[in-house]
Amino acid sequence: MQFDENTIRSVVAQVLAEVGPLPKANGSSSHAGGQYGVFYDADSAVNAARTAFEQFRAQSMATRKQVIDIIRRVSIENCEELGMMEMNETKIGRPEHKIEKLRTLGELSPGTEFLETKCYSGDHGLAIIERAPFGVIGAITPVTHSLPTITGNAVSMLAGGNTVVVNPHPSGKLVATEGVRRFNEAIVREIGIDNLICVIAEPTLETAEALFKHRQVALICVTGGPAVGRAALNSGKRAIVAGPGNPPVVVDETADLDNAARCIIQGGSYDNNLLCIAEKEVFVVDSVFDAMMAAMRRAGAVQLDADQISKLTSKAIVKVGDDQHDAACKDFIGRDASVLAQAAGVSVPEGTELLFGETDEHHPFVTVEQMMPFIPFVRARDVDHAIELAKFYEHGFRHTAIIHSRNVHNMTKMGRELDTTLYVKNGPCMASLGLGGEGYLSFSIAGPTGEGVTTPNTFTRERRCSMIDELRVV
Ligand code: NAD
């Protein structure tokens, strides 16, 4: 099903008509008008989420799990419709991946089963350590995965017993609003509690700021680039920051080059390179550089020559800010390989997923988190040089790094040097999130603040309950 912007707007208008008079921006703190989690100002949304939290905390764990199951079901059953809505609204990425992300996050986001209880038992009785909710969480979500991030955050945050208010990216607000409305509508129908997940339907930097500052917001979780991470850390509240990356790949002389090529294409072209974990630049040791380029061509990627790369760069990279630094041009972020190829002056076979080519290390496609399906390949003298370059161009984000190698020493060295939250050996980036590798999935990977791949435990407080000298029955 296709949804153009007018259709989406009319769906949202219909929603807003149904939910009745909404609180005005900067209006009273009453949230009486809000329904199904849709609000226009932070104060009303947070107050509604706080009321919902009080109702939610009185429920059993079984009910909490039921709520999680509803979010999963809505996300999976609506993945095609909402995925296409997200595609048509944001106009970045690939439709099949927009759909797949909603389905996968619905299926695999960590739920109540992740909550950990610890117990200490000894001569002085028992101490039980349990995971308690914070209350209302303020969440900021990116345009690259608007509703998928909300889905994953909602599952894990509610599994922890919290409620959440989301300030989505303005360019993904319509699908965010419609998704949240559907989640709440189904939860109200089955459980009778509204506003467990709230969304600000007209998000701005001011509504984000109001969320950060609100007395009733106990915890902040932001997923996005450097600016929002800084803003969250300056808010004076505890913040979980899932920040930017620029994931480097190292290919050494021992690697299975055909496997490396397939993995780089799979990870680097997924949703047109919008994943924060996606392969962004590749450092290949000189002795296998040409063989690696041939492996990429064999695997179906299209190689650009120096002239074509330069044409593409002149359009896809722009100068911004007082210091005129390089940045990705919005018109090219997340666009199809064929669009990039056209900018480079070449036409590519239908179905081409990824472009690649040789650049030097200073090329903007290496230095910038470009989020486009063109991957620069840089020659390194040897593996030590490749690791050195990878470390430099990861920019200290400590986000994600990848190596293709059969040499355990090289793997170990790179792991130690780069010190990233995710480190993949011989697989595509998504294998680090349990998609083709071990482990579990979340689209909020908290590198800067250290929580890693977020789970319900991330969104809980530790509480200890001690029984003195009794109840140790062994
Ligand atoms: P973005 O930084 O432009 O926006 C992210 C969110 O922050 C949006 O909702 C935006 O409105 C908000 N925002 C931006 N500046 C703000 C400020 N000063 N105060 C309050 N809110 C502010 O990023 P994007 O283009 O939407 O998403 C891509 C970025 O997100 C990339 O850098 C990517 O690496 C990162 N990302 C990280 C993860 C992770 O798990 N670590 C996951 C997905 C995306």
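Colleague: How many residues surround the ligand, and which are the closest?
Modeller: The ligand is surrounded by 28 residues, the closest being Thr-141, Gly-225, Gly-243, Glu-369 and Ile-445. A residue is near if one of its heavy atoms lies within 4 Å. This is a predicted model: local features need pLDDT of at least 70, side-chain atom pairs count only at pLDDT 80 or more, and totals for chains, interfaces and linings use all residues. Residues are numbered from 1 along each chain as its sequence is written, and side-chain values use heavy atoms, with hydrogens and water left out.

Colleague: What does the backbone of Gly-225 do there?
Modeller: One of its polar backbone atoms is 2.8 Å from a ligand oxygen. A polar backbone atom of Phe-443 is 3.2 Å from an oxygen of the ligand.

Colleague: Different topic. Which domains give residues to the shell?
Modeller: Domain 1 (38–243 + 454–464) and domain 2 (248–432) both do, so the ligand lies between them. The domain bounds come from an automatic or database assignment.

Colleague: How do the shell residues divide by type?
Modeller: Into 15 nonpolar, twelve polar and one charged, with Gly counted as polar.

Technical notes. Polar contact = N/O pair within 3.5 Å; in protein donor to acceptor, adjacent residues only side chain to side chain.
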